[in-house]
Amino acid sequence: MICRKFDPHKDITAAHRIWEETGWLELGSEESLELALEACGVWAAELAGEVECLVLTAPGTMRYLLQELPFTSVCAVVTGRAGRKQGLATFLTAQAVAEAALEGAKVVGLGMFEEGFYNRLGFGTGSYEHIIRFSPSRLITTVEYRPPKRLTVADYKEIHACRLERLKQHGCCSIFSPELTKAHMLEYKNGFGLGYYDGPEGDLSHHAWFSIEGPVEGGSYRVEWLSYQNWQQFLELLSVIQSLGDEVATISLVEPPGIQFQNFVHKPFMGRRISLSGNAEYQIEAHANWQMRLTDLPGCLEKTQLNGTEVHFNCKLNDPIEEYLDHNQKWRGIGGDYILTLGPRSGAKPGSDPKLPTLTASVDAFTRLWLGVLSASALSATRCLHGPPDLLSKLDAFYLPAPHPDWVI
Ligand SMILES: CC(C)(COP(=O)(O)OP(=O)(O)OC[C@H]1O[C@@H](n2cnc3c(N)ncnc32)[C@H](O)[C@@H]1OP(=O)(O)O)[C@@H](O)C(=O)NCCC(=O)NCCS
């Protein structure tokens, strides 16, 4: 197997073939693929002289409580039909994570196709995301409706700038490249946006971007993202969604971080009962579909400020990615023995202190603990993390809001 950087001149046909074989190259989305290949760091693996696997990465930031951390998204991992089960995707993803770490990423994240695959590289599963399907006509709005401005793909730069300025909560990610916002917009043929230009210079302050699967009339509408800087703007976007209610039966969206969307739907339980098993069923589904892993433990803890009493302990961290890294790779994962402090001022230094209690964890489990996905005690039930009960209950006392990327990573 040869692992190398993607060569856009030589490898573009192979990229199209691999995308086609995966069913990701629907008619009209070639431009989306080409934009992504240009905007991302792209790694390629060859098997028998053919490129059979590609991994795409893109840098950005992740909000950890009130801090911004350098973040990299592994935005695509794909192997052609003739290259499967040879370890290509695992090996190439491991190299891509290592390169991201060397370039300064403290956290790496991805959207997963299944539990287990990326856990082998130290990725831990994030919080449940709620996907809500509702009738826009049943939205409760409390602000007076103002006609919004129409947005199209041609406005992608200001749309992207607006997304970067949105209200961010714990776990929120932003990817730097505007071209990746454009690529996302182009994935669906009939995407459209509606928004308001209330910024200080008359710039785009808040907007919603929609996609339609199927025909415009009678198709399935989805809010791809909502971007707002305060809750008043959020409420105004709800009134925009509601304005589509005379025409569109149901719209779905991923619940924005920090709110309970059900509170904004009129009689949600009755709506569900009436619509049950019909074509336009109202529902709330939950999926934990993203994963993250730390790539720099001291760097992350330096930015970690938790309310509560300081806790000092040893941490024996096991990083399974090491097994999949090329021998020449300089970054070797973050496994090892550390002395950790968690609290208002946190930190990590190599070593261990016999006077301190010891937590043993995989990077996967420790990342989930650090993010606030699950408590230390709950993680001990997964058998990927263990320590003395007294230490676990001290760690349980730190409260973190549920992390949500609020971006397709
Ligand atoms: C998923 C995909 C990238 C895997 O590519 P691949 O090159 O065949 O993967 P690898 O050879 O590196 O790894 C395969 C091994 O992973 C392991 N594995 C696969 N799924 C796993 C899971 N859910 N849990 C644990 N291990 C898993 C198995 O050991 C498997 O090999 P084996 O069955 O022969 O023992 C490929 O099937 C693909 O492109 N699918 C379509 C696109 C896609 O879904 N991409 C992922 C987007 S997040």
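**Entry 1: Thr360 and its strand partners**

I began with Thr360 in this predicted model, and I found that its bridge partner in strand S20 is His386. I then looked up how the two strands lie, and noted that S19 (residues 358–362) and S20 (residues 385–386) pair in the antiparallel sense, with two bridges between them.

**Entry 2: The shell around the ligand**

Next I asked which residues come nearest to the ligand. Of the 19 residues around the ligand, I listed Thr79, Arg84, Ala89, Thr90 and Gly116 as those that come nearest. When I looked up which elements give two or more residues to this shell, I found strand S4 (67–79) and helix H3 (88–102).

**Entry 3: Helix H5**

Last, I asked why helix H5 (residues 178–186) is largely enclosed by the rest of the structure. I noted that eight of its nine residues are buried, and therefore the helix counts as largely enclosed. The buried residues that I wrote down for H5 are Glu179, Leu180, Thr181, Lys182, Ala183, His184, Met185 and Leu186. I then looked for what covers these buried residues, and the cover includes the helices H2 (30–39) and H4 (156–164), together with the strands S3 (50–64), S9 (173–175), S11 (206–213) and S12 (220–227).

Methods
Residues are numbered from 1 along each chain as its sequence is written. This is a predicted model: local features need pLDDT of at least 70, side-chain atom pairs count only at pLDDT 80 or more; totals for chains, interfaces and linings use all residues. Two strands pair if DSSP finds at least two bridges between them. Helices (H or I, at least four residues) and strands (E, at least two) are DSSP runs, numbered from the N terminus. A residue is near a molecule or strand if its C-beta atom, placed from the backbone, lies within 6 Å of it. A residue is buried if 20 or more other C-beta atoms lie within 10 Å of its own, exposed if 12 or fewer, and partly exposed in between; C-beta atoms are placed from the backbone. Two residues are in contact if their C-beta atoms, placed from the backbone, lie within 7 Å.
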